[in-house]
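User: Hi! Could you walk me through the side chains in this one? I'd like to start with how you sort them by accessibility.
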Amino acid sequence: MTPEQRAHRDFFRKHSEPTADKPWFSYSPDGDFLFFSTEEEAKEHAEGEIPDYCQDTWDEEVEGVLVGRISLVATQTDLEHRPPEGQLDDDGCDEDGNYWDDGVDYRCDYKLLPLAIETEKAAEQQDESPVDALMKKVECLLTTYTSARTDESNGALLEGMQGLEDAKELYSELREELERLL
């Protein structure tokens with residue numbers, strides 16, 4: 001692999017997942033869906049994609065190049081690990097009567113949740129302290145609220161209102177977590 005190919009691969013790995021600190025995306029119809037920390041970074045990347053569609057003629061797909069902001073993402077919830085074999089009856093059911101098919105290690109649901117929840121989930125997987133996870137949520141709340149207020153003051157009321165709704169939801173979740181800790 002050449003250094004240029006390695007740099008290209010590393011760039012795509014770094015920008016391939018939305019996170020609370022990378023809520024902005026750039027998309028092009030050729031399959032590039034990348035995530036960035038700021039609107040300006042996403043816009044810069046998208047503007048760099050446009051010339052690829054304008055080589056010899058004007059490719060109509062150029063109109064599909066866009067920049068946006070992620071507010072919700074499908075997130076795993078209600079994770080339940082398979083009970084030990086000794087806790088399953090002969091039919092493969094646990095004590096609550098839930099059937100566990102062979103080879104199924106866990107069950108879960110998915111819900112659309114703010115990116116902050118993803119940050120918390122990642123922190124738990126990395127054995128980060130609960131305080132650090134809460135501080136990341138506070139940071140995300142402030143970023144979401146500040147972004148919403150900025151959007152609203154620039155006249156983008158609809159996006160600003162969605163951002164304010166996201167901030168209110170994060171505020172409520174944060175308050176519940178802090179009450180549980182106290």
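Analyst: Happy to. Buried means under 20% relative accessible area, exposed means over 50%, and partly exposed is what lies in between. By that scale F12 is partly exposed, because its relative accessible area is 23%. One thing to keep in mind is that this is a predicted model.

User: Good to know. What about F11, then?
Analyst: F11 is partly exposed as well, with a relative accessible area of 30%.

User: How many aromatic pairs does the structure hold?
Analyst: There are 5 aromatic pairs. One of them joins F11 and F12 in an edge-to-face arrangement, with 5.7 Å from centre to centre and 85 degrees between the planes.

User: Which residues do ring pairs link into a cluster?
Analyst: That cluster is made up of F25, Y27, F33 and F35.

User: Let's stay with F25. Where does it lie, and is it buried or exposed?
Analyst: F25 belongs to strand β1, which covers residues 24–27. F25 is buried, because its relative accessible area of 12% falls under the 20% cut-off.

User: Nice. Switching to W100: where is its place?
Analyst: W100 is in the loop between β4 (73–81) and β5 (106–113). Although it is in a loop, W100 is buried, with a relative accessible area of 1%.

User: What is W100 in contact with, neighbours within four places aside?
Analyst: The contacts of W100 are E80, H81, R82, P83, L88, G92, D94, D105, Y106 and R107. Two of these have more to tell. The side chains of W100 and D94 are joined by a polar contact of 3.0 Å. R107 places its charged end over the ring of W100, 3.9 Å from the ring centre.

User: How far is W100 from L88?
Analyst: They are 12 residues apart in sequence, and the C-alpha to C-alpha distance is 8.2 Å.

User: What about T75, buried or exposed?
Analyst: T75, in strand β4, is buried, with 0% relative accessibility. A polar atom of the T75 side chain lies 2.9 Å from the backbone oxygen of V73.

User: OK, charges next. How many salt bridges does a search of the whole structure find?
Analyst: The search finds 2. R9 forms a salt bridge with D10, where the closest N and O atoms are 3.0 Å apart. E85 forms a salt bridge with R82, with its closest N and O atoms 3.0 Å apart.

User: Last one: how many disulfides does the structure hold?
Analyst: It holds 0 disulfides. As for cysteines, C54 is partly exposed, with a relative accessible area of 25%, and C108 is partly exposed, with 23%.

Technical notes. Residues are numbered from 1 along each chain as its sequence is written. This is a predicted model: local features need pLDDT of at least 70, side-chain atom pairs count only at pLDDT 80 or more; totals for chains, interfaces and linings use all residues. Side-chain values use heavy atoms; hydrogens and water are left out. Helices (H or I, at least four residues) and strands (E, at least two) are DSSP runs, numbered from the N terminus. Buried means under 20% relative accessible area, exposed over 50%, partly exposed in between (1.4 Å probe, protein chains only). Contact means heavy atoms within 4.5 Å. A polar contact is a pair of N or O atoms within 3.5 Å; within protein, one must be able to donate a hydrogen and the other to accept it, and residues adjacent in sequence count only if both atoms are side-chain atoms. A disulfide is a pair of cysteine sulfur atoms within 2.5 Å. Rings of Phe, Tyr and Trp (its six-membered ring) pair if their centres lie within 6.5 Å; planes under 30 degrees apart count as stacked, over 60 as edge-to-face and the rest as tilted. A charge sits over a ring if NZ of Lys or CZ of Arg is within 6 Å of the ring centre and within 35 degrees of the ring normal. A salt bridge is a side-chain nitrogen of Lys or Arg within 4 Å of a carboxyl oxygen of Asp or Glu.
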